[in-house]
Amino acid sequence: MQDNQSTDNLFRLTHGIIPALDDATLDGVLKTVEACAAIEGVVGFKIGLTTALQLGLSKAVSTIREITDLPIIYDHQKAGADIPDMGEKFCKIAAESGVNGLILFPLAGPSAVTSFVGSAIKYNIAPLVGGDLPIEDYTKSGGGYVVDEALGDIFVRSIGIGAKYFIVPGKTPEKVRSHSISLREKMEKPSIIIPGIGALGGNISDCFAAAPGCNAYAVIGRGIYGADSIADAAKKFCDEALQFLGS
């Protein structure tokens, strides 16, 4: 379990990448970790439901820990869209498993934000708070069901609770730019986590450039674990991200 200081400073670098371990097999997951763990610019790893369901969350974490001590982020696809009573139960189990961060999409309302984000902080896990996905028909303006203002409202409430990490889809740099401006008005040096890089159409240079004054981290799945050379692909993304150090 992490202490509060390391929860506030989850990643060693201000810019970098987070490989998403979404390969369908455990061998594939471990192959990605082994290939990426020592590459400068890889700041952590994201595990999801497939790995957790195969092994159990605690076993998944301990198996990856045999290879690396980099932060492990758990993505429950997507935790937080539930009744508030589940927040503390979920975060306590996650803390006992040894994860360092939780991806939370508390779309169930303000009380869900308070419960899930607050419980993560209570158990010394960094909440990575989102509410939007890099797919065209997710928000109402694109034909989906989620109102466009939801993410900004979730961010405002999360900041009041103590969140410092915010997930903004990177399919369009304009969305990153808009939220980075809003976040910088409310706190110093926010950290933005950007999915949608690579296979989903986004790119690091445009998205990181759209977030000056922010720490920025790209979440990349198929662009790394699906590459012919996992290490070469990860290094290419890292080189792009590391150009923004000090910005």
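**Reading helices, strands and salt bridges**

Mentor: Let's start with a pair of helices: α6 passes α7 in a right-handed crossing. A crossing is right-handed if the near helix is turned clockwise from the far one by less than a right angle, and left-handed if anticlockwise. The labels come from DSSP runs, numbered from the N terminus: helices are H or I with at least four residues, strands are E with at least two.

Trainee: What kind of model is this, and how are its residues numbered?

Mentor: This is a predicted model, with residues numbered from 1 along each chain as its sequence is written. Local features need pLDDT of at least 70 and side-chain atom pairs pLDDT 80 or more, while totals for chains, interfaces and linings use all residues; side-chain values use heavy atoms, leaving out hydrogens and water.

Trainee: At what angle do α6 and α7 pack, and how far apart are their axes?

Mentor: Two packed helices are described by the angle between their axes and the distance between the axes. Here α6 (residues 110-122) and α7 (residues 150-161) pack at about 40°, with axes 9 Å apart. Axes are lines fitted to C-alpha atoms, for helices over the stretch in contact, and angles run from 0 to 180 degrees between N-to-C directions. The two helices are therefore oblique to each other; under 35 degrees counts as roughly parallel, over 145 as roughly antiparallel, 65 to 115 as roughly perpendicular, and the rest as oblique.

Trainee: Which residues of α6 and α7 meet?

Mentor: From α6 come Pro110, Val113, Thr114, Val117, Gly118 and Ile121, and from α7 come Ile154, Arg157, Ser158 and Ile161. Contact means heavy atoms within 4.5 Å. Serine 115 is also in helix α6, and it touches Pro84, Gly87 and Glu88, not counting residues up to four places away in sequence.

Trainee: Is serine 115 buried or exposed?

Mentor: Serine 115 counts as buried, at 13% relative accessibility. The cut-offs are under 20% relative accessible area for buried, over 50% for exposed, and partly exposed in between, using a 1.4 Å probe and protein chains only. Follow the chain on to asparagine 124, in the loop between α6 and β5. With a relative accessible area of 17%, asparagine 124 is buried. Asparagine 124 and glycine 101 are 23 residues apart in sequence, and 8.8 Å apart in space from C-alpha to C-alpha.

Trainee: How many strands does the barrel have, and what is the sense of their pairing?

Mentor: It is a closed barrel of eight strands, β1-β2-β3-β4-β5-β6-β7-β8, with parallel pairing. From one strand to the next, the twist averages 25°. Helix α2 (residues 26-36) packs on the sheet, touching β1 (15-21) and β2 (45-47), with its direction at about 160° to that of β1. Helix α11 (residues 230-242) lies across β1 and β8 (215-220), at about 150° to β1.

Trainee: How many bridges join β4 and β5?

Mentor: Strands pair if DSSP finds at least two bridges between them. Strand β4 (residues 101-104) and strand β5 (residues 126-129) have four, in the parallel sense. Leucine 102 stands opposite proline 127 of β5, and isoleucine 103 stands opposite leucine 128.

Trainee: Which way do the β5 side chains point?

Mentor: In a regular strand the side chains alternate between the two faces of the sheet. In β5, Ala126 and Leu128 point one way, Pro127 and Val129 the other way, and all are buried.

Trainee: How many salt bridges are there?

Mentor: A salt bridge is a side-chain nitrogen of Lys or Arg within 4 Å of a carboxyl oxygen of Asp or Glu. By this rule there are nine salt bridges. One of them joins glutamate 40 to arginine 12, with the closest N and O atoms 3.2 Å apart. This pair links distant parts of the chain, 28 residues apart: glutamate 40 is in the loop between α2 and β2, and arginine 12 is in the loop between α1 (4-8) and β1. Glutamate 40 is partly exposed at 43%, whereas arginine 12 is exposed at 64%.

Trainee: Where are lysine 92 and glutamate 96?

Mentor: They are four residues apart in helix α5 (residues 85-97), so about one helical turn separates them. Lysine 92 is partly exposed at 37%, and glutamate 96 is exposed at 52%. Finally, look for the network of salt bridges that links Asp22, Lys46, Asp75 and Lys78.
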